[in-house]
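Biologist: I am new to this structure. Could you walk me through how to read it, one feature at a time?

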Amino acid sequence: MDINTLHKPAIHFKDMSRYNRFIVFCGVGFGSGLLPKAPGTFGSAFALLFIPAWLAIGFSASMIAMLFMSLIGIYICGHTAKVMGVHDDGRIVWDEFAGQSITLLPLLYLQQMNWMWVIVGFVLFRIFDVWKPFPISWADQKVTGGLGIMLDDIIAGLWAALCIFMIHFYFLT
């Protein structure tokens, strides 16, 4: 099956080895990054499906899982980009999974995970991921490979998480 969205090079799943097919499937967010419009937004929204897992395992274990998700994401994103032949293709959304999950860490820590805060976190992460203020823009432009694909979203997630902490502590307590 060939997948071509956003006028990007087609992804030739049928021509890939099983290993490459699996890595690329993970890289494109289990298919969430293959939607024709706003793949990063859909990838970030798909990441919200991890919330029950984060709640079930708690803050500390979630931090470890997100660290692992980020580290393995360097390989997944880098390998996916290599197989697809395009650096940081918009369809690669594993980085959105990590960044969006990092954004939610304050909500886990503060035990404030509810739909209002989740929407605030989603919007903040998307703003930082699209706007790319420094140092996000630096990471996006200067760091290459899988690390470069992951790093700008990790920083965007950290900025969004910091905003959630600031909103909570300065305006709500």
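**Reading the model**

Modeller: Start with a loop. Pro135 sits in the loop between α6 and α7. Helices (H or I, at least four residues) and strands (E, at least two) are DSSP runs, numbered from the N terminus. The peptide bond from Phe134 to Pro135 is cis, with omega near 5°.

Biologist: What kind of model is this, and how are residues numbered?

Modeller: This is a predicted model: local features need pLDDT of at least 70, side-chain atom pairs count only at pLDDT 80 or more, and totals for chains, interfaces and linings use all residues. Residues are numbered from 1 along each chain as its sequence is written, and side-chain values use heavy atoms, with hydrogens and water left out.

Biologist: How many helices and strands are in the chain?

Modeller: The chain has 8 helices and 2 strands. From the N terminus on, the order is β-β-α-α-α-α-α-α-α-α.

Biologist: How does the radius of gyration of the chain relate to that of a compact globule?

Modeller: The radius is taken over C-alpha atoms, and the globule rule is 2.2 Å times the number of residues to the power 0.38. For 173 residues, a compact globule would come near 16 Å; the chain has 16 Å, so the two agree. Along the principal axes, the C-alpha atoms fill a box of roughly 55 × 35 × 25 Å.

Biologist: How much of the chain is buried?

Modeller: Buried means under 20% relative accessible area, exposed over 50%, partly exposed in between (1.4 Å probe, protein chains only). Buried residues make up 50% of the 173 residues.

Biologist: Which residues of the largest nonpolar core touch the most other members?

Modeller: First, the general idea. In soluble globular proteins, nonpolar side chains tend to be buried together. A nonpolar core is a set of buried Ala, Val, Leu, Ile, Met, Phe, Trp, Tyr and Cys residues joined through side-chain atoms within 4.5 Å. Here the largest core has 46 residues, and Ile11, Met69, Trp94, Phe97, Met113 and Phe128 touch the most other members. Helices α1 (18-27), α3 (51-84), α4 (94-103), α5 (105-109), α6 (115-131), α7 (136-142) and α8 each supply at least two of its residues.

Biologist: What is Met69 in contact with?

Modeller: Contact means heavy atoms within 4.5 Å. Leaving aside neighbours within four places in sequence, Met69 contacts Phe50, Trp54, Trp94, Phe97, Ala98, Ser101 and Met150.

Biologist: Is Ser101 buried or exposed?

Modeller: Ser101 counts as buried because its relative accessible area is 1%. This serine belongs to helix α4. Not counting residues up to four places away in sequence, Ser101 touches Phe50, Trp54, Met66, Met69 and Glu96.

Biologist: Which residues make the nonpolar surface patch?

Modeller: Patch residues have over 30% relative accessible area and no salt bridge; like charges are joined within 9 Å, nonpolar side chains (Val, Leu, Ile, Met, Phe, Trp, Tyr) within 5 Å. A salt bridge is a side-chain nitrogen of Lys or Arg within 4 Å of a carboxyl oxygen of Asp or Glu. Areas come from the Shrake-Rupley method with a 1.4 Å probe; for residues, only the protein chains shown count as cover. Trp159, Leu162, Met166, Phe169, Tyr170, Phe171 and Leu172 make a patch of about 790 Å². Tyr170 lies in helix α8 (residues 145-171). Tyr170 is exposed because its relative accessible area is 65%.

Biologist: Where is Asp88 found?

Modeller: Asp88 is in the loop between α3 and α4. Its phi is positive, about 45°, although Asp88 is not a glycine.
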